[in-house]
Amino acid sequence: MTLFTLVKKGITPYSCSMVAGPFLASGVAFILSDAAANDDQLQNNNFKRMNLFLGQYGLLGLVVAALVPQLRRNPFWIIWVVTTFLTIVNAIKGYAYGVFGWELNNKKASVVVDDLVKGSTESIKSLLSIPKNLASAGYLAATLTVGGLKLAKLVEIVKLVASGAEAKIIASRTIRYSKLALLMAVMFTLKDSVDSNQLEDGTTFIQLNFLSSIVFGSTSAYLCQGGLALSTMPPIGAAASFFSIFSASQGGLALWKKRNVKEGDDE
């Protein structure tokens, strides 16, 4: 779907910004599918969190499709509905396996509620905790920045609904909100992994960093079309540029460390 949009619209800052959400969701889905191939990884809180937010992304995608039913004859609309529906299904399955295990034992609603409460409590504690190092501080800053934009977008959507705005306008804002929600979850996952030393040296940590760097980079390219001079660059564009470079550097550093460890083991 991402390639379909780029082919149709051409590669421009605007089109890259448009596909950033689906690209991010596709990347997270790939990472989660890889985790599913390894026993017990889906039971990690970070993977359960990403499955939940990926499911939310898919659900909001269906809401967007419902808001623009006039596009049903468009192949893009059909592709969008199918992919978002499959996203929801796979996210639910991934979260269920994370909570109940591969045998899906003890399938009680109370288990899910307890897991959600526990996960939310631990996430709040992690969010409010003092960063352990500069990397953690950087991820926290990114999480709070994207979270603030997410909240502002939600307020905008509520105001649009209250004022009776056109459905297509609400749909476009909902797409942006879903991207921000998933990106916030990714950045918080990176922050939490640094604090807990769970994913910091693994492939998932590297992939999430490069993935988020591309998304931030596409956002920066769209917002900074007027130029890269600090005097004319919008604050959000400058922040997106910084977080893009920061994520790429962290991913590159983790990749370098991983290769050094592998070379040391081979020797």
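The structure holds five aromatic pairs. It is a predicted model, and its protein chain contains nine helices and zero strands. Of the 267 residues in the protein chain, 41% are buried.

**Aromatic pairs**

- The ring centres of Phe242 and Phe243 lie 5.4 Å apart with their planes at 65°; because edge-to-face pairs are those with planes over 60 degrees apart, this pair is classed as edge-to-face.
- Phe242 also pairs with Phe246, in a stacked arrangement with 6.2 Å centre to centre and 15° between the planes.
- Phe242 and Phe246 are four residues apart in helix H9, so about one helical turn separates them.
- An α-helix has 3.6 residues a turn, so residues three or four places apart point the same way.
- Phe243 has a relative accessibility of 5% and therefore counts as buried.
- Phe246, with a relative accessibility of 11%, likewise counts as buried, because the limit for burial is under 20%.
- Ring pairs join Phe242, Phe243 and Phe246 with Tyr139, Phe205 and Phe216 in a cluster.

**Nonpolar core**

- The largest nonpolar core comprises 41 residues, and Leu24, Val28, Tyr139 and Phe216 have the most contacts inside it.
- At least two residues of this core come from each of helix H2 (13-36), helix H3 (45-67), H4, helix H6 (134-162), helix H7 (167-196), helix H8 (203-223) and helix H9 (235-266).
- H7 provides the largest share of this core, nine residues.
- Leaving aside residues up to four places away in sequence, Val28 touches Met50, Leu54, Leu182, Val186 and Leu211.
- Tyr139 and Phe216 belong both to the core residues with the most contacts and to the cluster linked by ring pairs.

- The buried residues of H4 are Trp77, Trp80, Thr84, Ile88, Ala91, Gly94, Tyr95, Ala96, Gly98, Val99 and Phe100.
- Gly101, which follows H4, has a positive phi near 90°.
- H7 is mostly covered, with 23 of its 30 residues buried.

- Along the sequence, the pattern of the protein chain reads α-α-α-α-α-α-α-α-α.
- Among contacts in the protein chain with a separation of 6 or more, 67% are between residues 24 or more positions apart.
- The protein chain exposes about 14,400 Å², of which carbon and sulfur atoms supply 65%.

**Confidence of the prediction**

- The average pLDDT of the protein chain is 82, and 82% of the residues score at least 70.
- Among the elements of the protein chain, H6 has the highest mean pLDDT (94), whereas helix H1 (residues 2-9) has the lowest (48).
- Residues 227-231 have a pLDDT below 50, and beyond near neighbours in sequence this stretch has three contacts in the model.
- Where pLDDT is low, the predicted coordinates should not be read in detail.

Definitions and conventions. Residues are numbered from 1 along each chain as its sequence is written. This is a predicted model: local features need pLDDT of at least 70, side-chain atom pairs count only at pLDDT 80 or more; totals for chains, interfaces and linings use all residues. Side-chain values use heavy atoms; hydrogens and water are left out. Buried means under 20% relative accessible area, exposed over 50%, partly exposed in between (1.4 Å probe, protein chains only). A nonpolar core is a set of buried Ala, Val, Leu, Ile, Met, Phe, Trp, Tyr and Cys residues joined through side-chain atoms within 4.5 Å. Contact means heavy atoms within 4.5 Å. Accessible areas come from the Shrake-Rupley method with a 1.4 Å probe; for residues, only the protein chains shown count as cover. pLDDT is the predictor's confidence in each residue, from 0 to 100. Rings of Phe, Tyr and Trp (its six-membered ring) pair if their centres lie within 6.5 Å; planes under 30 degrees apart count as stacked, over 60 as edge-to-face and the rest as tilted.
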